[in-house]
Amino acid sequence: MHDWWKEAVVYEIYCKSFCDSDGDGIGDLAGIRSKLPMLRELGINCIWLAPIYRSPQVDNGYDVADYRDIQPEYGTLSDLKALVDAAHSMGIRIIMDMVLNHTSDRHPWFRQAKSSRDNPYRSYYIWHDPKPDGSQPNNWGNYFKEGDGSAWTFDEATGQYYFHQYSRHMPDLNWEYAPLRREIYEMLHWWLDFGIDGFRLDVISRLKKTPGFPDSPQKADPITDKNGFVADRAMCTDVPGIHDFIRELNEEVFAPRGCFTVGEGAGIHASNALPYIAPERRELNSVYHFDLSSRTRLNMPIDHFRKIQRQWAEVMARGGWAVQYLSNHDSARQVSCYGSEGYRTRSAKLLGTLIHTTPGIPFLYQGEEIGMTNVRFDSIEDYDCCYTLGDYDTLVKNGVDPQKALETVIPRSRDNARTPYPWSGGENGGFTTGKPWMKLNPSYPEINLEADRASDDSVFAFYQKLIALRKTHPAILQGDLEFYVDSHPQLLVYTRSCDEETLLVVANLSDEPAELPLPCVLRTARWQEVLSNCGHTNLGSPLLPWEAAIFRKH
Ligand code: GLC
């Protein structure tokens with residue numbers, strides 16, 4: 001079967017903040033449908049829908065209370081069907097974000113499980129007895145640093161603790177229990193029958209926990225860890241045995257249905273990716289790794305970029321398939337982290353150039369196509385993200401001055417990416433006619449889609465060109481990757497070459513101009529410009545700050 005996803009450009013939509021069609025201040029499915037023409041014009045051919053299932057919204061939908069229903073503010077299953085059908089008619093596929101590591105504590109399975117020790121659903125979750133002194137089963141902490149910081153919550157009624165890597169409202173599922181796994185497979189088939197095209201599998205590398213639940217050997221950080229509980233990722237990430245679960249998922253669902261799968265790959269790097277994605281392993285098509293960008297990475301040394309790209313090119317040479325992205329709903333905005341707000345549009349285009357010309361599937365996040373930047377709210381009250389609130393709370397409880405704590409959490413807050421989409425400079429950025437669930441980025445009068453598209457310097461128009469290049473330049477899809485001027489602190493220079501053609505990419509990732517010391521083999525070739533973010537780029541002159549261009553060999 002043709003692997004359509006190898007040629008995909010995926011666009012992630014965070015429904016809550018995308019477009020509100022009914023004035024309740026919350027984005028919805030009809031809003032997304034109304035914007036499909038814009039996405040088609042952009043040129044993307046696959047949408048990743050962040051979770052839209054029924055949920056109490058403790059973590060904006062990653063706490064699922066019903067896998068087969070839609071959060072009422074977002075619409076209904078019929079609205080989703082209408083969206084899927086409309087997208088398909090435009091040649092756009094849709095993959096669902098599928099959260100299989102945990103559910104909401106309001107999910108009927110958990111309600112049942114909690115009702116008594118011998119309820120048939122008890123084993124769907126992870127329950128442990130207290131230690132003889134009554135304390136929690138081990139020293140593990142939750143990633144959100146919620147509550148007392150522990151990954152265990154005691155259930156008075158049944159006298160046991162349940163385990164949660166994230167919020168206490170998001171209990172982990174017990175993947176060791178076959179009836180749970182079977183129930184999950186049925187549900188996934190149900191979604192494929194519904195007409196979706198694949199899954200982005202949330203924290204898939206964390207389904208397997210270290211057997212026996214031993215104490216983590218890691219020492220608690222006195223400032224950032226609460227009460228000595230350690231959120232040690234190693235205890236639940238890429239633990240031996242994880243592949244058995246993924247292989248069974250593949251056998252039972254992915255392979256028979258031929259759907260696209262991208263696993264969120266915390267703890268998966270180029271060094272351990274192949275067991276997950278090599279085709280002969282029959283597990284996943286690709287992993288969404290964090291080697292380049294993550295919630296906490298606030299800059300990107302240029303040599304790191306080269307190193308990671310080389311490592312993943314190696315993975316691809318051995319049959320795996322990489323992804324390319326620099327931001328998502330969990331990260332800060334890429335222009336603010338890896339580009340330059342002073343050269344906003346130019347650096348937005350440069351970063352776009354990088355993710356569209358390095359090997360693998362580009363995953364865009366809503367707003368990057370107009371060069372959105374981070375937000376700064378003056379009060380913690382305006383923030384919503386669990387990590388942000390948990391980090392802030394922990395710092396303040398440990399004696400850090402509240403203003404200083406706020407300054408610390410602002411740059412890495414996930415809310416940087418979650419402010420409502422600014423469609424225009426009008427009221428509420430055209431996102432809603434009501435009161436937006438989260439404040440817009442105050443930059444919206446200048447940074448919005450309408451203004452961007454009307455500008456000669458449009459980031460959107462540049463992204464359109466980048467996306468279109470994939471269709472006409474085979475080297476972008478299949479070409480080998482080679483870096484030049486390797487130790488240069490400002491410049492990225494690389495080629496992509498296949499039998500048909502060679503492309504050259506040059507980029508200056510700095511606020512200063514840079515001489516372009518092309519090696520002889522590149523200097524003596526004849527190059528034809530394909531695209532430049534400065535109108536025109538001369539390979540014989542220094543590159544301007546944040547200048548980037550693509551050339552094709554004559
Ligand atoms: C993933 C999601 C993130 C969520 C977490 C728990 O990392 O991307 O938004 O908070 O999983 O489901």
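**Close-up 1. The buried side chain of H164 in a predicted model.** H164 is buried, with a relative accessible area of 1%, where buried means under 20% relative accessible area, exposed means over 50% and partly exposed lies in between, computed with a 1.4 Å probe on protein chains only. This is a predicted model, in which local features need pLDDT of at least 70 and side-chain atom pairs count only at pLDDT 80 or more, whereas totals for chains, interfaces and linings use all residues. Residues are numbered from 1 along each chain as its sequence is written, and side-chain values use heavy atoms, with hydrogens and water left out. H164 belongs to the loop between β8 (160-163) and α5 (178-194); helices (H or I, at least four residues) and strands (E, at least two) are DSSP runs, numbered from the N terminus. The side chain of H164 reaches the backbone oxygen of Y166 at 2.9 Å, and a polar atom of that side chain lies 3.5 Å from the backbone nitrogen of R168. These are polar contacts, meaning pairs of N or O atoms within 3.5 Å; within protein, one must be able to donate a hydrogen and the other to accept it, and residues adjacent in sequence count only if both atoms are side-chain atoms. When neighbours within four places in sequence are left aside, H164 is in contact (heavy atoms within 4.5 Å) with residues including N142, W152, M170 and D172.

Close-up 2. Of the 13 residues around the ligand, D59, D202, E264, H329 and D330 come nearest, a residue being near a molecule if one of its heavy atoms lies within 4 Å of it. An N or O atom in the side chain of D202 is 2.9 Å from an oxygen atom of the ligand. For E264, a polar side-chain atom lies 2.9 Å from an oxygen atom of the ligand, and for R414 a polar side-chain atom likewise lies 2.9 Å from a ligand oxygen. Taken alone the ligand exposes 310 Å², of which the protein buries 96%; accessible areas come from the Shrake-Rupley method with a 1.4 Å probe, and for residues only the protein chains shown count as cover.

**Close-up 3. G31 within helix α1.** G31 is found in helix α1 (residues 29-34) and is buried, with a relative accessible area of 0%. Apart from its neighbours within four places in sequence, G31 is in contact with C19 and S21. G31 and S216 are 185 residues apart in sequence, and their C-alpha atoms are 45 Å apart in space.

**Close-up 4. G228 and D238 in the loop between β9 and α6.** G228 is found in the loop between β9 (198-202) and α6 (242-257), and D238 lies in the loop between β9 and α6. G228 is partly exposed, with a relative accessible area of 36%, and D238 is partly exposed at 25%. Leaving aside neighbours within four places in sequence, G228 is in contact with N139 and A220. Phi of D238 is near 55°, a positive value in a residue other than glycine.

**Close-up 5. The backbone of Q57.** Although Q57 is not a glycine, Q57 has a positive phi of about 65°. Q57 is placed in the loop between β3 (53-54) and β4 (66-70), and at 17% relative accessibility Q57 counts as buried.
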